[in-house]
Amino acid sequence: MRNLRKERIGVITSDKMDKSIVVAVLRKEKHAKYGKFVKKTSKFVAHDEKNECNQGDTVRIMETRPLSKRKCWRLVEIIERAK
């Protein structure tokens, strides 16, 4: 199971919680009828042990065991800091 964990790259939209962040992951999906690519976002609540992330940072998150009601992802690395 350990090597089947999903990974996502997204931008932090909220860091107001203690040891938690909200990450928005953007994906482009082709419209079924018109064929145009539509942007869709998914929000994930992730665990940030050291409170080192800020809003606007680009991060990589990994799936993990449930840590709370909505939190089942954890921070792997900060790819790019917000400018």
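Tutor: Strands are DSSP runs of E with at least two residues, numbered from the N terminus, and two strands pair if DSSP finds at least two bridges between them. The model is predicted, so its local features need pLDDT of at least 70 and side-chain atom pairs count only at pLDDT 80 or more, while totals for chains, interfaces and linings use all residues. Residues are numbered from 1 along each chain as its sequence is written, and side-chain values use heavy atoms, with hydrogens and water left out.

Start with the strands. β1 (residues 7–14) and β2 run antiparallel and are joined by three bridges; in this pairing Ser14 stands opposite Val22 of β2. The two strands form a hairpin with five residues between them, and Lys19 in the turn has a positive phi of about 60°. β2 also runs antiparallel to β3, with 11 bridges, and Lys28 stands opposite Lys39 of β3. Six residues separate β2 and β3 in their hairpin, where Gly35 takes a positive phi near 75°.

Now the interior. A nonpolar core is a set of buried Ala, Val, Leu, Ile, Met, Phe, Trp, Tyr and Cys residues joined through side-chain atoms within 4.5 Å; buried means under 20% relative accessible area with a 1.4 Å probe, protein chains only. The largest such core has 11 residues, among them Ile12, Ile21, Phe44, Cys53, Trp73 and Leu75. Two or more residues each come from β2 (20–30), β3 (37–47), β4 (58–63) and β5 (71–80), and β2 gives the most, three.

The core members Phe44 and Trp73 form an aromatic pair, 4.7 Å centre to centre and tilted, with 50° between the planes. Rings of Phe, Tyr and Trp (its six-membered ring) pair if their centres lie within 6.5 Å; planes under 30 degrees apart are stacked, over 60 edge-to-face, and the rest tilted. Phe44 is in β3 and Trp73 in β5, 29 residues apart.

Contact means heavy atoms within 4.5 Å. Ile21 touches Ile12, Phe44, Cys53 and Leu75, among others, and also Asp48, not counting residues up to four places away in sequence. Asp48 lies in the loop between β3 and β4. Asp48 is buried yet has no salt bridge, and the nearest side chain of opposite charge, Arg81, is 7.7 Å away. A salt bridge needs a side-chain nitrogen of Lys or Arg within 4 Å of a carboxyl oxygen of Asp or Glu.

How values were computed: Buried < 20%, exposed > 50% of the residue type's maximum accessible area, 1.4 Å probe, protein only. Helix = DSSP H or I, 4+ residues; strand = E, 2+ residues; numbered from the N terminus. Lys, Arg positive; Asp, Glu negative; His and termini not counted.
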